[in-house]
Amino acid sequence: MAGKRSSSASVRVVVAGDRGTGKSTLIAAIASETFPEAVARVLPPTVLPHDLFPDHVPLTLVDTSSILEKQGKRNEELKRADVVVLTYACNDPTSFTRLTSYWLPELDKLEVKSPVIVVGCKLDLRDENQQVSLESLMPPLLQQCKDIATCIECSAYTLYQVPEVFYFAQKAVLHPLDPLFDHENQALTDRCVRALRRIFVLCDRNMDDALDDAELNEFQVRCFGAPLQPDEIAGVKTVVQQKVPEGVNSHGLTLPGFIYVHMMFLKKGHPETLWAVLRNFGYDNDLKLQDDFLPIPSKIAPDQSVELTSEAVEFLNGIFRLLDMDKDRALRPAEVDKLFCTAPESPWNDVPYKDAAERTDMGYISLNGFLSLWALMTLLDPPRSMANLIYIGYSGNPASALRVTRKRSVDRKKQATERNVIQCYVFGSKNAGKSALLDSLLGRPFSNNYTPTTVEQFAANAIELLGGTKKTLVLREIPEVAVSKVLSNQDYLATCDVAVFVYDSSDEHSWKKSRDLLEKVARQGELTGYRVPCLLIAAKDDLTPYPRAVQDSVKVTQELGIEAPIHLSMKLGDSSNVYNKIVSAAEHPHLSIPVTEIGRKRKQYQQLLHNSLIFASVGTVVALVGIAAMRAYAVKKNSSA
């Protein structure tokens with residue numbers, strides 16, 4: 001596994017092992033390029049120059065103590081390591097067995113996930129009569145610890161393979177093997193194949209599913225700065241054709257051939273060659289696009305959100321038509337897999353995107369569902385949305401794919417919104433009908449089966465308004481058990497356009513719970529400044545209503561200054577046009593905002609202050625007029641005299 005870099009400017013190498021195995025001597029030998037006659041028990045951090053190895057990245061070597069009193073400090077250093085060099089003494093078999101009995105379990109206990117380089121020191125002192133090959137010692141170690149990147153023996157006395165120890169340490173961090181190679185299957189990892197597939201598609205400029213000589217040379221120059229000679233290209237094709245017959249065709253090198261070439265580099269012990277290609281096309285150690293390649297618009301305020309631009313939506317419409325080979329206006333699972341075959345994974349296989357959009361009766365994603373999932377992903381995770389647009393081939397200026405919306409506080413002042421994606425928070429008690437509201441938005445049939453919602457659920461779909469305009473409505477169901485936790489976040493309501501409060505109109509407890517939730521959210525909005533339009537939804541209208549709830553709900557809405565409850569029954573298929581009403585409330589963000597007692601007092605205070613200022617202004621004007629009149633009278637009197 002690749003270690004987490006402590007800094008892009010250096011690699012932190014922590015050297016650990018039993019006392020007397022040669023840790024400090026090893027560090028001193030590489031630093032001075034000589035065998036030290038005397039060395040301190042524990043050396044201070046040592047920085048090796050950046051030009052010592054080809055990658056031109058300096059190494060910081062951290063020595064550690066083996067004594068019990070220093071164990072805490074040593075453990076902290078191990079947790080901070082980019083790579084761990086674990087030493088044993090070649091002339092002391094006990095120190096080798098301690099690797100499996102103590103050191104590797106200790107790294108596991110500390111949850112150190114950095115790569116490990118196992119180093120046998122003092123090779124010059126090993127008894128030749130008791131020599132055991134490194135190859136016979138390593139299998140148990142490799143079986144116990146998947147993070148061991150390299151095993152090597154060295155001698156600080158003769159300087160034999162001392163530079164190699166730290167070269168392999170740096171290489172394990174900068175060019176990790178695990179993200180690229182599946183040791184169990186002896187093949188490239190799925191993510192690596194997906195990344196190479198995307199690179200192949202980008203390099204195949206004439207889109208004939210093969211890289212001709214010119215395209216291969218463009219690739220070679222981009223990644224390595226020099227073209228291949230014709231005989232070199234011919235040699236590569238010959239080797240590929242012998243090993244992978246389908247790797248070459250009349251047009252050039254095919255995708256299987258392209259993948260095989262990179263597999264050859266790994267098998268020859270050159271992961272740095274494959275990493276040079278991946279880095280050039282923007283990939284990090286997790287085989288995802290680096291942040292530098294994702295120009296995400298920065299959100300200026302918490303109450304702004306990010307949306308796809310019309311240019312990006314047009315691109316996605318085109319992609320949908322291209323994938324929909326049978327023209328049934330829906331994407332089958334295989335077609336969705338094909339869409340994301342150049343991404344690290346399909347982003348919609350897990351929550352919150354799984355089951356969050358409209359599907360056909362066959363379970364396929366409709367065009368509305370497709371565009372709604374992209375809108376939802378952009379709303380919740382703009383970097384991920386931007387990355388996946390690039391993975392699937394968006395070739396426009398990445399900065400033109402996303403836009404930052406206007407602040408919601410400005411929308412309220414201007415009494416209108418420009419937002420195309422409306423986010424509605426759905427509150428309510430258990431079994432009030434929240435999930436049914438989400439299901440109905442996605443066109444799912446009503447179900448009597450009840451499963452309590454324990455985590456936030458999402459549903460997104462297009463809503464057509466009068467005049468043919470479409471908005472994407474995102475319903476975000478908040479479980480009752482999570483309300484206190486989410487409202488403890490001061491910015492939680494910042495990205496909310498509308499809040500709805502669902503209650504079972506036949507149940508007294510459900511009504512009271514929703515009323516309490518409405519008051520809580522309204523107070524939170526007053527305190528934080530994120531005041532949102534609120535609607536009450538009286539669900540299960542097919543059941544006998546709780547009489548008191550009917551009277552109370554009308555009274556509460558009148559007191560708070562919001563619309564009367566919307567009555568609906570999902571069981572009877574009567575949605576009362578609720579989704580259009582939610583979008584309408586978002587389009588008029590200054591209306592349907594509940595006024596709490598705090599809000600009333602604040603409004604009274606502001607009105608009083610306003611009147612006081614007017615009175616003060618009038619008084620000032622009267623005083624100025626009086627002074628002017630007195631001065632005029634004095635001037636007239638003096639002139640008469």
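How many of the residues of strand E13 are buried? The structure is a predicted model, in which local features need pLDDT of at least 70 and side-chain atom pairs count only at pLDDT 80 or more, while totals for chains, interfaces and linings use all residues. Residues are numbered from 1 along each chain as its sequence is written, and side-chain values use heavy atoms, with hydrogens and water left out.

In strand E13, 8 of 8 residues are buried, where buried means under 20% relative accessible area, exposed means over 50%, and partly exposed lies in between (1.4 Å probe, protein chains only). Helices (H or I, at least four residues) and strands (E, at least two) are DSSP runs, numbered from the N terminus. Val 421, Gln 423, Tyr 425 and Phe 427 are buried on one side of E13, and Ile 422, Cys 424, Val 426 and Gly 428 are buried on the other.

Strand E13 belongs to an open sheet of 6 strands with mixed pairing, in the order E14-E15-E13-E16-E17-E18. Two strands are taken to pair if DSSP finds at least two bridges between them. Strands E14 (457-464) and E18 (566-567) are at the edges with a single partner strand each, so one side of each has no neighbour in the sheet. Helix H13 (residues 367-380) packs on the sheet and touches E13 (421-428), E14 and E15 (470-477), its direction making about 125° with that of E14. Axes are lines fitted to C-alpha atoms, for helices over the stretch in contact, and angles run from 0 to 180 degrees between N-to-C directions. Contact means heavy atoms within 4.5 Å.

E13 pairs with E15 in the parallel sense over 6 bridges, and Tyr 425 is opposite Arg 476 in E15. The pairing of E13 with E16 is also parallel, over 5 bridges, with Gly 428 opposite Val 502 in E16. Strands E16 (residues 498-504) and E17 (residues 534-539) form a parallel pair over 6 bridges; Phe 501 has Leu 536 in E17 as its bridge partner. Helix H20 (residues 578-587) lies across E13, E14, E15, E16, E17 and E18, at about 100° to E15.

The UniProt record places the feature "domain: Miro" (unreviewed entry) at residues 8-175 and 419-588. UniProt positions are given in the numbering used here, feature names are shortened, and annotations may be inferred rather than shown by experiment. Over residues 419-588 the chain is 34% helix and 23% strand, with the end C-alpha atoms 12 Å apart.

Two packed helices are described by the angle between their axes and the distance between the axes. Helices H18 (residues 508-528) and H19 (residues 547-560) pack at about 10° with axes 11 Å apart, and they are therefore roughly parallel. Angles under 35 degrees count as roughly parallel, over 145 as roughly antiparallel, 65 to 115 as roughly perpendicular and the rest as oblique. In this pair, Trp 511, Arg 515 and Leu 518 of H18 meet Ala 549, Asp 552, Ser 553, Val 556 and Leu 560 of H19.

Helices H13 and H14 pack at an angle of about 130°, and their axes are 5 Å apart. This makes H13 oblique to H14. Residues in the contact include Trp 374 and Met 377 of H13 and Pro 382 and Leu 389 of H14. Helix H14 (residues 382-391) has 8 of its 10 residues buried, so it is largely enclosed by the rest of the structure. Its buried residues pack against helix H6 (190-203), strand E9 (306-308), helix H11 (310-323), H13 and strand E12 (402-404). Just after H14, Gly 393 has a positive phi of about 110°.

A nonpolar core is a set of buried Ala, Val, Leu, Ile, Met, Phe, Trp, Tyr and Cys residues joined through side-chain atoms within 4.5 Å. The largest such core has 73 residues, of which Ile 199, Leu 278, Trp 348, Phe 370, Trp 374 and Leu 389 touch the most other members. Helix H13 gives the most to this core, with 8 residues. A second, separate core of 29 residues includes Ala 29, Val 57, Cys 121 and Val 165.

Thr 309, in the loop between E9 and H11, is buried, with a relative accessible area of 14%. Lys 288 lies in the loop between helix H10 (271-280) and E9 and counts as partly exposed at 36% relative accessibility.
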